[in-house]
Amino acid sequence: MHPSVARLVELMPPHPDAGDALDWDEATRRWGTDFPTDYRDFVSLYGGGSIGFGFHIGLPLAVATGVRGPMTFEGLNEYGYGLLNLEPDEDPELRGRISWATDCSANHAFWNTSDPDPDRWTTLVLSGYGEWTDHGCGMVDFLVGLMTEEITGMGGFSPERPIFLNWREERRLREAGIDPWPHT
């Protein structure tokens, strides 16, 4: 397990049966790149889903259909860029970015994929106001930073009590008539 993921597990243990099995070869074909080791380990342990009700982490491939499935990178990119009327096809700098999360304030976390080694990709945040901030760390270190409050600028969950729900568990609870986020 990636050391950053081990730290994340200490701060926010995954619930039983969390995690998603992805066809990483298909994800690589779809996106034209491999993905960072920390992210792949995160997906294996947690999967796509939400931290609190306000921070949503996506997957590179659709694993379910309907409104209660996880967000996809494609949807996150469209939403993030569309919100600010940005056209990634018209801006070479934007072409090398993949959104992996969004929060309840319309902020988006992207990877800067300009380095050919995915394990050296950094997290960029596009604020709902159109400003970019490079946090100089990978995806899981970014999440750890949010939980330890060493990083600010995104959120939608309580750093003191971060809870992750995989999309399947959130869907199961909703279908059973249970509010999956009563503590938010």
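Modeller: One definition is needed at the start: helices are DSSP runs of H or I with at least four residues, and they are numbered from the N terminus. Keep in mind that this is a predicted model.

Biologist: Which residue with a positive phi follows α6?

Modeller: Most residues other than glycine have a negative phi. After α6 comes a residue with a positive phi, near 65°. This residue lies in the loop between α6 and β7 (164-166). The residue is E149.

Biologist: Is E149 buried or exposed?

Modeller: The cut-off for exposed is over 50% relative accessible area. E149 has 52% relative accessibility, so E149 counts as exposed.

Biologist: What is the phi of A106, and is A106 buried or exposed?

Modeller: A106 lies in the loop between β3 (97-103) and β4. Its phi is positive, in a residue other than glycine, and has a value near 65°. Buried means under 20% relative accessible area. A106 has a relative accessible area of 15%, so A106 is buried.

Biologist: How many of the nine residues of α6 are buried?

Modeller: Helix α6 covers residues 139-147. The buried residues in α6 are M139, V140, F142, L143, V144, G145, L146 and M147. The helix is therefore largely enclosed by the rest of the structure, and the number of buried residues is eight.

Biologist: Are α3 and α6 roughly parallel or roughly perpendicular to each other?

Modeller: The axes of α3 and α6 come within 7 Å and cross at roughly 70°. Angles of 65 to 115 degrees count as roughly perpendicular. α3 and α6 are therefore roughly perpendicular.

Biologist: Which residues of α3 and α6 make the contact, and how many of them are charged?

Modeller: From α3 the contact uses D38, Y39 and F42, and from α6 it uses M139, V140, D141 and L143. By class, this contact of α3 with α6 has five nonpolar residues, no polar ones, and the number of charged residues is two.

Biologist: How do the axes of α1 and α3 cross, and what does that make α1 relative to α3?

Modeller: Helix α1 spans residues 3-11 and helix α3 spans residues 37-45; their axes come within 9 Å and cross at roughly 40°. That angle makes α1, relative to α3, oblique.

Biologist: What is the handedness of the crossing where α1 passes α3, and which residues of α1 make the contact?

Modeller: α1 passes α3 in a right-handed crossing. On the α3 side, the contact is made by D38, D41, F42 and L45. On the α1 side, the residues are V5, L8 and V9.

Biologist: Is N77 buried or exposed, and which residue's backbone nitrogen does its side chain reach?

Modeller: N77 lies in helix α4 (residues 73-83). Its relative accessibility is 11%, so N77 counts as buried. Not counting residues up to four places away in sequence, N77 touches W31, G82, R97, I98, S99 and F110. At 2.7 Å, the side chain of N77 reaches the backbone nitrogen of S99.

Biologist: Where is P116 found, and is P116 buried or exposed?

Modeller: P116 is in the loop between β4 (108-112) and β5 (122-126). With 76% relative accessibility, P116 counts as exposed.

Biologist: How many Å apart in space are P116 and E74?

Modeller: In sequence, P116 and E74 are 42 residues apart. In space, taken from C-alpha to C-alpha, P116 and E74 are apart by 20 Å.

Note on methods
Residues numbered from 1 in each chain as written. Predicted model: local features only at pLDDT ≥ 70, side-chain atom pairs only at ≥ 80, totals over all residues. Heavy atoms only, no water. Helix = DSSP H or I, 4+ residues; strand = E, 2+ residues; numbered from the N terminus. Buried < 20%, exposed > 50% of the residue type's maximum accessible area, 1.4 Å probe, protein only. Axes fitted to C-alpha atoms, helices over the stretch in contact; angles between N-to-C directions. Parallel < 35°, antiparallel > 145°, perpendicular 65-115°, else oblique. Left-handed = near helix turned anticlockwise from the far one by under 90°. Contact = heavy atoms within 4.5 Å. Polar contact = N/O pair within 3.5 Å; in protein donor to acceptor, adjacent residues only side chain to side chain. Nonpolar A, V, L, I, M, F, W, Y, C, P; charged D, E, K, R; others polar.
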